[in-house]
Amino acid sequence: MTLKIAVCGGGISGLSLALVLKRFASPEALTLDIYEAGPVFTEIGAGITVWHRTRSIFASLGIEEALKNRVVSPPFTLRKSDTKEPFGFHTMDIPHGSMALPRIDMIKLLVDSLQIDSTPWLHVHFRKRLESYEQDATGVTLRFADGSTSRADVLVGADGIGSHTRKTMYADIAGRVAEKRPDEAAAILQGAQPTWTGTYAYRTLLDAEELRAVSPENVLLSGGYMWCGNGQHVISYPISKKWINFLVFDTIPGGLGKPLAGPSVSLASKDELTDLYKDWEDDLCVAMENIGDLSKWAISHIRGLPQYNDERVALCGDSAHAMSTHFGAGAGQAIDDSYILGRILAHPSITADNIAEALKTYDAIRRPIAGDVLERSLRIGFLYEFHPEHVPTGTDLEKVRAGDRAELRKIADELQDIWRFHWEWMPERDWERAQVMLEEWL
Ligand SMILES: Cc1cc2nc3c(=O)[nH]c(=O)nc-3n(C[C@H](O)[C@H](O)[C@H](O)COP(=O)(O)OP(=O)(O)OC[C@H]3O[C@@H](n4cnc5c(N)ncnc54)[C@H](O)[C@@H]3O)c2cc1C
């Protein structure tokens, strides 16, 4: 019997999952239907950074070489920038480097590598927006916004932060406890909603040549930077010879966990930025004067979801753990999910009858790691901004704000320590643990 897999969402997670299945599953053992809400595979936004952990997955999928021609690997330096006398205070030590590239290139590479037209077990359906699903003892019925339905043995919700798969899953879970414990049911539903991190990110791309023409010596042109300061920060790094990814943050004190007032994405004017950052270092102010289109994102996350699976359904990527952007890890974590889930689904002993047990392994392996990365990401953002409750114990904040290098060193050491995750704990080890667990449980 073939395993009939449905994936909702053709973003980084959904496409990576398909590629993991292509690499590791026996083609006779499964069919895969990708249902994508949009008319094509695409990506909103600019650049993406991935690290050694994710690159090791790319190597096992055979796409590391193809990526090498499309990426840049900038060094990342921390700067004290909320002053007219700025300085760099630490260049991050990144064993194996990092890889930055335009998001759309990442999507194109995944799509090209899938060779969809010559992969008979893979079917792609565009303009198919999942509304909800129902499970029974033998499968899952998917319901789409156009009124159509489809049936599968297993459903993977790779449908991003606004996931309808997650909404349905948690409505089901809450529904099962509602009669006996209504308060608990309400808390379950509430806990599955995205919450605001208290941060807005202004996103744009800078044209390196245009910036060079007006500011030839601008620091921004020489690598990746975390521009740190009291209560705000900026991230910039090249994603190609032409483009520099430019992310400017506005952190609202006490905003973490508060309901979001206003839209999650809107257009913004550069005047908002120049006003916010007028007292910061000149190179940054000049760059802000030279930006074009700008979008403003209210950064929300899905924090502490209690399970990524329910019977025959699993959540993958942002639908399970959308996170703040400070650690450059959201896409990497989506790819990690896809790797572990894909290897589980490709395991020769998995069938439509034991799939629910198999998905428990996925949850047990991935949820603690992704939850930890989400917390690291949040903390990093606060460290870049010298928030009192997040700096290491014993740090003299007055001295940090005044630019004392010894005190800034404490923050740099803490950041360096948090960043270790990117290269020290490899997904292959997670898969080895998953395999042992899977074989014990089945
Ligand atoms: C400002 C910003 C900067 C970032 N920078 C980085 C970075 O440098 N490095 C990094 O690793 N990560 C970064 N991230 C995070 C990264 O973008 C996400 O973690 C990643 O895109 C998640 O991929 P995904 O496939 O899970 O979700 P998505 O990319 O959201 O894809 C979901 C897909 O599902 C489709 N879909 C949605 N609803 C439905 C439905 N109901 N039915 C069918 N299809 C549906 C969508 O059209 C989309 O194609 C950043 C995020 C932001 C907001």
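The domain assignment divides the protein into domain 1 (3-70 + 103-194 + 304-384 + 424-441) and domain 2 (195-301 + 398-418), with bounds taken from an automatic or database domain assignment. The model is predicted: local features need pLDDT of at least 70, side-chain atom pairs count only at pLDDT 80 or more, and totals for chains, interfaces and linings use all residues. Residues are numbered from 1 along each chain as its sequence is written, and side-chain values use heavy atoms, with hydrogens and water left out.

**Domain arrangement**

- The centres of domain 1 and domain 2, taken over C-alpha atoms, are separated by 30 Å.
- At the interface, 26 residues of domain 1 are in contact with 27 residues of domain 2, where contact means heavy atoms within 4.5 Å.
- The ligand lies between domain 1 and domain 2, because both give residues to the shell around it.

**Ligand shell**

- The ligand is surrounded by 30 residues, and the closest are Ser13, Glu36, Arg103, Asp318 and Ala331; a residue is near a molecule if one of its heavy atoms lies within 4 Å of it.
- By class, the shell holds eleven nonpolar, eleven polar and eight charged residues; Ala, Val, Leu, Ile, Met, Phe, Trp, Tyr, Cys and Pro count as nonpolar, Asp, Glu, Lys and Arg as charged, and the others, Gly among them, as polar.

**Polar pairs, cover and contributing elements**

- Of the 1,000 Å² of accessible area that the ligand has on its own, the protein covers 86%; accessible areas come from the Shrake-Rupley method with a 1.4 Å probe, and for residues only the protein chains shown count as cover.
- Two or more residues of the shell come from each of α1 (12-24), β3 (47-50) and α11 (330-346); helices (H or I, at least four residues) and strands (E, at least two) are DSSP runs numbered from the N terminus.
- Helix α11 gives the most to the shell, with three residues.

**Gln333 in α11**

- Gln333 is located in helix α11 and is buried, with a relative accessible area of 2%; buried means under 20%, exposed over 50%, and partly exposed in between (1.4 Å probe, protein chains only).
- The side chains of Gln333 and Arg366 are joined by a polar contact of 2.6 Å, that is, a pair of N or O atoms within 3.5 Å; within protein, one must be able to donate a hydrogen and the other to accept it, and residues adjacent in sequence count only if both atoms are side-chain atoms.
- Not counting residues up to four places away in sequence, Gln333 touches Arg53, His321, Met323, Arg366, Ile369, Ala370, Val373 and Phe421.
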